[in-house]
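Subject: Handover of a structure and summary of findings

Dear colleague,

My findings follow directly after it.

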Amino acid sequence: MTEKKKFQAIKGTRDLLPPETELWNRVEQTAREVFGTFGFGEIRPPIFEPTELFARAVGGETDIVSKEMYSFEDHDFGELEKLRSVLLIRELELENPQSASLHKGQLTEFNAGLEAGMKGRKIPVTPVNERALADLKMHTAKIEILRSDYTGGEWQARERFNASVTGIRQALRVVKFGDVISLRPEATASVCRAYIEHGMHALPQPVKLYYTGPMFRRERPQKGRYRQFYQIGAEVLEMVPPNQDPAKSIGKDAAVDAEVIEMVMAFFAQLGLEGVKLEINSIGDRECRPKYVELLRAELLKVKDKLGPDSQRRIETNPLRVLDSKLESEQGIIAGLPKIADHLCANCAGQYAEVKRQLGMRGVAYAENWRLVRGLDYYMRTTFEITARGLGSQNAVCGGGRYDGLVELLGGPPTKGIGFAIGEDRLILSLQEAGKGGAAQGRDVFVAWMGEKAQATAITAAQKLRAAGFRVELPPVEQKFGKALGQADKLGARYALILGDDEVATGQWTVKTLADGSQAKVSEAEFLEMLRKGKALSS
Ligand code: HAM
């Protein structure tokens with residue numbers, strides 16, 4: 001007998017159910033509408049991409065890429081992979097002829113399989129794989145010779161044999177049967193990849209795209225933090241014309257930044273999101289940021305002993321992230337560190353000032369936060385984050401910024417970029433906490449019928465009402481009217497349409513208004529009219 005297993009959604013993932021999904025749909029629909037008014041079109045990139053894409057774009061040293069991605073090798077070589085596992089755990093001795101012949105057979109089979117796969121280009125022909133195959137063949141041959149020449153008791157032979165066994169294991173471990181791919185932890189990298197792949201630089205610039213969908217990060221789950229979560233994001237990409245003077249585009253870039261931020265704020269306002277706070281910063285560019293980072297590193301080294309282990313490590317890996325620290329004991333020290341705003345180059349400072357002026361012109365309120373550095377490597381100049389009420393410690397509901405140069409880094413033409421992503425789970429949570437979750441989906445009409453003839457009328461009535469856009473519940477089997485009315489009530493129906501022999505014969509339908517219990521006899525046309533009027537009154 002097969003064991004009964006209780007299946008549950010994997011930790012950090014969850015089912016979104018009605019009626020909550022109605023709110024999700026409303027939020028997404030509002031995003032489509034608002035973003036549409038700003039000229040954005042939808043992109044739906046795949047959910048998995050080569051790991052290399054995220055490593056290159058987001059940064060190999062970031063938490064997202066180094067710790068949180070769901071990655072796997074994508075290939076058709078399951079049997080070869082199993083064979084590798086067997087070979088990796090097999091204990092080998094020079095003196096044991098039985099295990100030797102089995103090992104020889106399996107190793108030869110593995111080598112042949114790998115070679116054939118690479119020849120047919122189904123297994124990637126990378127320098128690592130080529131080297132591994134050569135090593136495997138060499139050590140397999142060596143082992144063979146050592147075995148056939150072995151006459152017992154020679155320690156040199158045993159040593160050489162062990163060295164080859166180690167060599168084989170090392171080569172086996174590094175072989176990649178297919179490309180390593182990852183579930184997307186974010187979508188900016190995918191949008192840039194798509195911009196390049198589809199030659200979007202040839203379209204009228206800028207290209208404005210938005211997306212909605214699941215992202216995956218292996219974070220510690222808690223309120224507002226999931227391993228599968230949803231983002232609503234938007235990106236503006238614009239190829240840089242050859243020989244453009246960077247100083248000349250500052251005003252334009254700032255206006256684009258401000259408009260993107262204005263769009264998120266308009267979306268939040270449309271939804272009635274409460275306690276919305278926008279924070280902005282400039283983190284400089286390739287010219288001024290490295291100098292600031294060095295200054296910061298030097299200052300941090302002076303106070304190293306007073307910092308916690310995470311910040312101590314970051315002095316080396318990424319000093320900017322120390323500014324992100326929430327550790328109480330570090331706050332006083334961080335407050336005294338040099339601020340990037342005082343170290344921006346002229347172009348970055350000019351652009352930052354212009355972004356603030358542009359936000360002012362658009363009536364967007366903001367606060368400056370010089371410690372806002374963001375956890376992804378691709379940003380430069382403008383960065384921003386938005387928080388909302390009711391979210392506890394995970395209160396960032398949106399993050400974004402400018403990423404000029406990212407498209408180029410991924411192999412495309414010099415291109416400017418700015419965008420953001422909203423955490424939809426958190427957005428929904430904040431709306432619900434503020435009581436803006438919306439009511440459960442009710443029914444306009446519950447059709448209570450009894451008798452065969454009435455069923456035929458009930459089916460046609462339901463068809464007509466649904467075609468007119470009303471929500472109709474039609475029970476599959478007849479029910480006593482009392483029971484039917486009880487169910488209509490539970491479902492939150494506005495009207496019960498009662499159809500029995502009498503109604504079928506006269507064409508006059510009995511309609512009960514569930515809110516006040518009143519009842520009337522009406523024709524089909526009159527009932528439709530009633531519903532339409534009711535709809536108009538309640539919407
Ligand atoms: P991010 O700051 O990593 O930026 O994520 C954006 C938002 O996604 C966060 O502010 C948060 O609301 C939500 N979020 C992130 N991780 C989780 C999680 N584990 N559970 C629930 N919500 C989460 C980006 O992803 C960039 N791609 C944004 C961007 C677009 N920058 C430029 N263009």
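In this predicted model, three strands make up an open sheet whose order is β2-β4-β3, with antiparallel pairing. The edges are taken by β2 (48–50) and β3 (71–74); each has a single partner strand, so one side of each is left without a neighbour in the sheet. On average, and with direction ignored, neighbouring strands of this sheet are turned by 40° against each other. Between β3 and β4 (residues 179–183), the antiparallel pairing extends over four bridges. Within that pairing, Glu73 has Val180 in β4 as its bridge partner.

A second open sheet contains five strands in the order β13-β12-β14-β15-β16, and its pairing is mixed. Here β13 (472–473) and β16 (519–522) stand at the edges with a single partner strand each, so one side of each is left without a neighbour in the sheet. Strands β12 (residues 445–449) and β14 (residues 495–499) run parallel and are joined by five bridges. One of the bridge pairs consists of Val445 and its partner in β14, Tyr495. Helix α17 (residues 481–490) packs on this sheet and touches β12, β14 and β15 (509–513). The direction of α17 makes about 170° with that of β12.

- With β9 (residues 380–387), β7 pairs in the antiparallel sense over six bridges; Lys277 stands opposite Thr387 in β9.
- With β8 (residues 367–368), β7 runs parallel and is joined by two bridges; Ile280 stands opposite Glu368 in β8.

Is Asp285 buried or exposed? Its relative accessible area is 10%, which is under the 20% limit, so Asp285 counts as buried. The side chain of Asp285 reaches the backbone nitrogen of Cys288 at a distance of 3.1 Å. When neighbours within four places in sequence are left aside, Asp285 is in contact with Pro290, Cys345, Cys348, Met380 and Arg381. Among these contacts, Met380 belongs to the range of β9 (residues 380–387).

Turning to the helices, α7 (residues 155–174) comprises 20 residues. From its first C-alpha to its last, α7 reaches 29 Å, close to the 28 Å expected at 1.5 Å a residue. Which residues of α7 are buried? They are Ala157, Phe161, Ser164, Val165, Gly167, Ile168, Ala171 and Leu172. These residues cover an arc of only 160° around the axis, which puts them on the same side of α7. Trp155, Glu159 and Arg173, on the other side of α7, are exposed.

Helix α19 (residues 524–538) includes Ala525. With a relative accessible area of 56%, which is over the 50% limit, Ala525 counts as exposed. The C-alpha atoms of Ala525 and Ile181 are separated by 59 Å, and the two residues are 344 residues apart along the chain.

With kind regards

Terms used: Residues are numbered from 1 along each chain as its sequence is written. This is a predicted model: local features need pLDDT of at least 70, side-chain atom pairs count only at pLDDT 80 or more; totals for chains, interfaces and linings use all residues. Side-chain values use heavy atoms; hydrogens and water are left out. The expected span of a helix is 1.5 Å times one less than its number of residues. Buried means under 20% relative accessible area, exposed over 50%, partly exposed in between (1.4 Å probe, protein chains only). The arc is that of the directions from the helix axis to the C-beta atoms. A polar contact is a pair of N or O atoms within 3.5 Å; within protein, one must be able to donate a hydrogen and the other to accept it, and residues adjacent in sequence count only if both atoms are side-chain atoms. Contact means heavy atoms within 4.5 Å. Two strands pair if DSSP finds at least two bridges between them. Axes are lines fitted to C-alpha atoms, for helices over the stretch in contact, and angles run from 0 to 180 degrees between N-to-C directions.
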